[in-house]
Amino acid sequence: MSAPLLQIASIEVRYQGALLALQDVSLDVRAGEIHALLGANGAGKSTTLKAVSNLLAAQRGQVRGGRILFAGREVARSSPADLVRQGLAQVLEGRHCFPSLSVEENLLTGWPAHFTRRAVLREALERIYAFFPLLHQRRRSLAGLCSGGEQQMLAIGRALISRPRLLVLDEPSMGLAPKVVADIFAQLSRLNREEGVALLVAEQNSAVALQYAHRATVLEHGHSVLSGEARALRERADIQAFYFGEGNVAQAA
């Protein structure tokens with residue numbers, strides 16, 4: 001079997017040199033798969049994704065143990081911009097659109113500087129609009145006037161314009177209506193199915209994440225406590241108990 005596209009091996013993360021946020025977290029993402037990272041608020045999902053994209057330093061965080069490899073390379077040795085060039089793009093929690101720019105101008109902010117051919121740019125925009133037709137309809141509208149769902153599509157589209165091999169998403173369902181969430185996940189699944197883009201999706205909404213994921217890892221209090229095929233995890237009563245506050249995974253596993 002070939003090496004995983006992303007490999008997180010027993011990492012420890014601390015903030016400000018002292019505050020322990022993650023300990024012994026491990027998971028891998030295979031090429032062409034959707035991997036769900038599940039856990040309650042504060043479990044360590046966002047910290048894990050920031051470690052993957054080498055964004056911890058902005059919050060005085062640091063990987064103090066273990067290693068993270070993307071396509072066989074140490075993530076810590078690449079800047080976030082270099083990781084995008086290598087094919088790893090992240091959609092941060094909260095969307096972070098530029099409200100005074102149009103939808104299309106927001107998309108263009110994700111265009112890598114080393115891509116210079118306008119024909120390639122036009123093809124990339126058409127590809128995004130094919131997955132998210134609402135963005136095409138609103139392409140001249142100010143992003144600040146778009147709905148939450150449209151802004152989430154926009155944030156995903158901005159990441160896709162760099163043509164990543166791995167797309168990392170932090171809580172894409174946050175604050176959105178169930179129908180909008182279902183539509184977004186359906187398009188992410190289509191992107192994975194038709195173009196082979198791998199996805200690492202951090203979610204509190206375990207039901208929707210496990211519906212679309214191939215495999216999943218559960219975090220609890222900064223530890224990876226359970227992983228496996230998504231279909232099998234959907235059928236486990238302890239997963240449901242954990243998310244509804246009736247127990248915890250570590251005790252049930």
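Reader: Let's start with Ser189: buried or exposed?
Author: This is a predicted model, so take each value as computed from it. The cut-off for buried is under 20% relative accessible area. Ser189 has a relative accessible area of 15%, so Ser189 is buried.

Reader: Which residues does Ser189 touch, beyond those up to four places away in sequence?
Author: Ser189 has its place in helix α7. Set aside the residues up to four places away in sequence, and what Ser189 touches is Ile34 and Tyr212.

Reader: α6 and α7 come within 10 Å of each other, so how do they run: roughly parallel or oblique?
Author: Helix α6 covers residues 148–160 and helix α7 covers residues 178–195, and their axes cross at roughly 15°. Angles under 35 degrees count as roughly parallel. That makes α6, relative to α7, roughly parallel.

Reader: And how many charged residues sit in the contact of α6 with α7?
Author: The crossing of α6 past α7 is right-handed. On the α6 side the contact uses Gly149, Gln152, Met153, Ile156 and Leu160, and on the α7 side Val180, Ile184, Leu188 and Leu191. Sorted by type, these residues give 7 nonpolar and 2 polar, and as for charged ones, there are no charged.

Reader: How many charged residues does the contact of α4 with α7 have?
Author: α4 puts in Arg127, Ala130 and Phe131, while α7 puts in Gln187, Arg190, Leu191, Glu194 and Glu195. The residues of this contact include 3 nonpolar and 1 polar, and the charged ones number 4.

Reader: How far does α4 reach from its first C-alpha to its last?
Author: Helix α4 takes in residues 118–131, which is 14 residues. At 1.5 Å a residue, the expected span is 20 Å. The model's α4 is close to that, with a reach of 20 Å.

Reader: Which elements are included in what covers the buried residues of α4?
Author: The buried residues of α4 are Leu121, Ala124, Leu125, Arg127, Ile128, Tyr129 and Phe131. What covers them includes α3 (103–108), α5 (133–137), α6 and α7.

Reader: Which residues does Trp111 touch, not counting those up to four places away in sequence?
Author: Trp111 has its place in the loop between α3 and α4, and at 18% relative accessibility Trp111 counts as buried. Its C-alpha is separated by 9.9 Å from that of Leu125, 14 residues apart along the chain. Not counting residues up to four places away, Trp111 touches Arg117, Val120, Leu121, Ala124 and Ile161.

Reader: How many of the 8 residues of helix α1 are buried?
Author: Helix α1 spans residues 45–52 and is largely enclosed by the rest of the structure. The buried ones are Lys45, Thr47, Thr48, Leu49, Lys50, Ala51 and Val52.

Reader: How far apart in space are Arg77 and Arg30, C-alpha to C-alpha?
Author: Arg77 lies in the loop between β5 (73–74) and α2 (80–86), and at 74% relative accessibility Arg77 counts as exposed. Along the sequence, Arg77 and Arg30 are 47 residues apart, and in space the C-alpha to C-alpha separation is 21 Å.

Reader: What is the phi of Ser10, roughly?
Author: Most residues other than glycine have a negative phi. Ser10 is found in strand β1 (residues 6–15) and counts as partly exposed at 39% relative accessibility. Ser10 has a positive phi, near 50°.

Reader: And the phi of Gln16?
Author: Gln16 is in the loop between β1 and β2 (19–29). At 57% relative accessibility, Gln16 counts as exposed. Its phi is positive too, in a residue other than glycine, with a value near 55°.

Reader: Which residue with a positive phi follows α1?
Author: Its phi is near 55°. The residue is Asn54.

Conventions: Residues are numbered from 1 along each chain as its sequence is written. This is a predicted model: local features need pLDDT of at least 70, side-chain atom pairs count only at pLDDT 80 or more; totals for chains, interfaces and linings use all residues. Side-chain values use heavy atoms; hydrogens and water are left out. Axes are lines fitted to C-alpha atoms, for helices over the stretch in contact, and angles run from 0 to 180 degrees between N-to-C directions. Helices (H or I, at least four residues) and strands (E, at least two) are DSSP runs, numbered from the N terminus. Angles under 35 degrees count as roughly parallel, over 145 as roughly antiparallel, 65 to 115 as roughly perpendicular and the rest as oblique. A crossing is left-handed if the near helix is turned anticlockwise from the far one by less than a right angle, and right-handed if clockwise. Contact means heavy atoms within 4.5 Å. Ala, Val, Leu, Ile, Met, Phe, Trp, Tyr, Cys and Pro count as nonpolar, Asp, Glu, Lys and Arg as charged, and the others, Gly among them, as polar. The expected span of a helix is 1.5 Å times one less than its number of residues. Buried means under 20% relative accessible area, exposed over 50%, partly exposed in between (1.4 Å probe, protein chains only).
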